[in-house]
Amino acid sequence: MKKIEFPPERHFAFTHEDQIFGVIGVKVRPMYFEEYVEIAMEAVDREKRVEAQFRRLRIARQCVLATSNGKDLTLTEMDVGRLPIAAARAMLDALPQNDEKAGVAMEGGDGIQSPILFTLGTPIMATSKGEGVGIDELEFEAKTYGQIEDVIAETQKLRQTLELLRTVARPSGLLTMPSWAVSRVTIADGHAIMDKVLPRFFE
């Protein structure tokens with residue numbers, strides 16, 4: 001978790017659960033593609049002020065306030081609206097912006113007659129500390145309609161890509177993609193799969 005300390009002039013008092021705390025910084029936890037999609041689609045489903053809703057949701061889900069007494073404060077969406085402008089801007093600037101290394105789809109393979117091979121930009125590790133054997137390549141192949149049905153049923157590309165990871169992707173040597181592995185695909189790799197792998201199933 002990344003920690004950002006505010007300069008003394010940016011410290012502020014914040015009321016949380018009927019108590020007043022002195023806020024001295026913010027902690028930002030990482031976000032992966034699965035949660036990114038869920039938040040983005042929640043914002044889209046609300047229909048109004050989509051970009052503003054998306055930013056507020058990301059702050060609420062990824063940021064906690066660090067206080068002078070050592071207590072971390074989790075934020076609700078309503079709390080985000082009460083933040084000082086400078087603090088909110090610092091949080092938005094600290095949020096990861098799809099700046100990880102993106103993976104690459106190999107040439108050839110349509111996902112139906114032959115698998116599409118995708119080399120991940122960031123290997124998927126079994127733990128958040130990077131321990132265990134990593135997954136560095138995925139295969140995408142669906143030979144029947146039933147295997148791709150959940151992907152086609154979605155209308156948003158982000159949701160289609162997430163379903164592709166959940167139902168079609170598989171690491172070498174495995175029959176399916178474990179749920180823990182889906183949850184650790186980076187935002188950059190998710191977008192690369194959306195741009196380079198997903199369209200091949202619709203050509």
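Buried, on this tour, means under 20% relative accessible area, exposed means over 50%, and partly exposed lies in between (1.4 Å probe, protein chains only). The model is predicted: local features need pLDDT of at least 70, side-chain atom pairs count only at pLDDT 80 or more, and totals for chains, interfaces and linings use all residues. Residues are numbered from 1 along each chain as its sequence is written, and side-chain values use heavy atoms, with hydrogens and water left out.

**The whole chain**

Start with everything in view. You have 8 helices and 9 strands, which are DSSP runs numbered from the N terminus (helices are H or I, at least four residues; strands are E, at least two). Along the principal axes, the C-alpha atoms fill a box of roughly 60 × 40 × 25 Å. Of the 203 residues, 41% are buried. Contact here means heavy atoms within 4.5 Å; among contacts with a separation of 6 or more, 62% join residues 24 or more positions apart.

**Stop 1: helix 6**

Select helix 6, residues 157-167. Its buried residues are Leu 158, Gln 160, Thr 161, Leu 162, Glu 163, Leu 164 and Leu 165. What do they pack against? Helix 1, strand 8, helix 5, strand 9, helix 7 and helix 8 are the partners of the buried residues of helix 6.

The axes of helix 5 and helix 6 come within 8 Å and cross at roughly 160 degrees; axes are lines fitted to C-alpha atoms, for helices over the stretch in contact, and angles run from 0 to 180 degrees between N-to-C directions. That makes helix 5 roughly antiparallel to helix 6 (angles over 145 degrees count as roughly antiparallel, under 35 as roughly parallel, 65 to 115 as roughly perpendicular, and the rest as oblique). To see the contacts, show Gln 147, Ile 148, Asp 150, Val 151 and Ile 152 in helix 5, which meet Gln 160, Glu 163, Leu 164 and Thr 167 in helix 6.

On the helix 6 side, pick Lys 157, Leu 158, Thr 161, Leu 164 and Leu 165; they meet Gly 190, His 191, Ile 193 and Met 194 in helix 8.

**Stop 2**

Two strands pair if DSSP finds at least two bridges between them. Strand 6 and strand 7 (residues 116-124) pair over 2 bridges, and Ala 105 stands opposite Phe 118 in strand 7. Strand 7 and strand 8 pair over 5 bridges; click Ile 116 and look across to its bridge partner in strand 8, Phe 140.

While you are in strand 7, select Leu 117. Is Leu 117 buried or partly exposed? Leu 117 is partly exposed, with a relative accessible area of 29%. Leaving aside neighbours within four places in sequence, Leu 117 is in contact with Val 104, Ala 105, Met 106, Glu 137, Leu 138 and Glu 139.

**Stop 2: the cores**

A nonpolar core is a set of buried Ala, Val, Leu, Ile, Met, Phe, Trp, Tyr and Cys residues joined through side-chain atoms within 4.5 Å. The largest has 38 residues, and Phe 140, Leu 164, Leu 165, Val 197 and Phe 201 touch the most other members. Helix 1 gives the most to this core, with 7 residues. Apart from it lies another core, of 20 residues, among them Phe 21, Val 23, Val 80 and Met 91.

**Last stop: two loops**

Finish with Asp 18, in the loop between strand 2 (12-16) and strand 3 (19-28). Its phi is near 65 degrees, a positive value in a residue other than glycine, and Asp 18 is exposed, with a relative accessible area of 80%. Then go to Arg 49, in the loop between helix 1 and helix 2. Phi of Arg 49 is near 50 degrees, also positive in a residue other than glycine, and Arg 49 is exposed at 58% relative accessible area.
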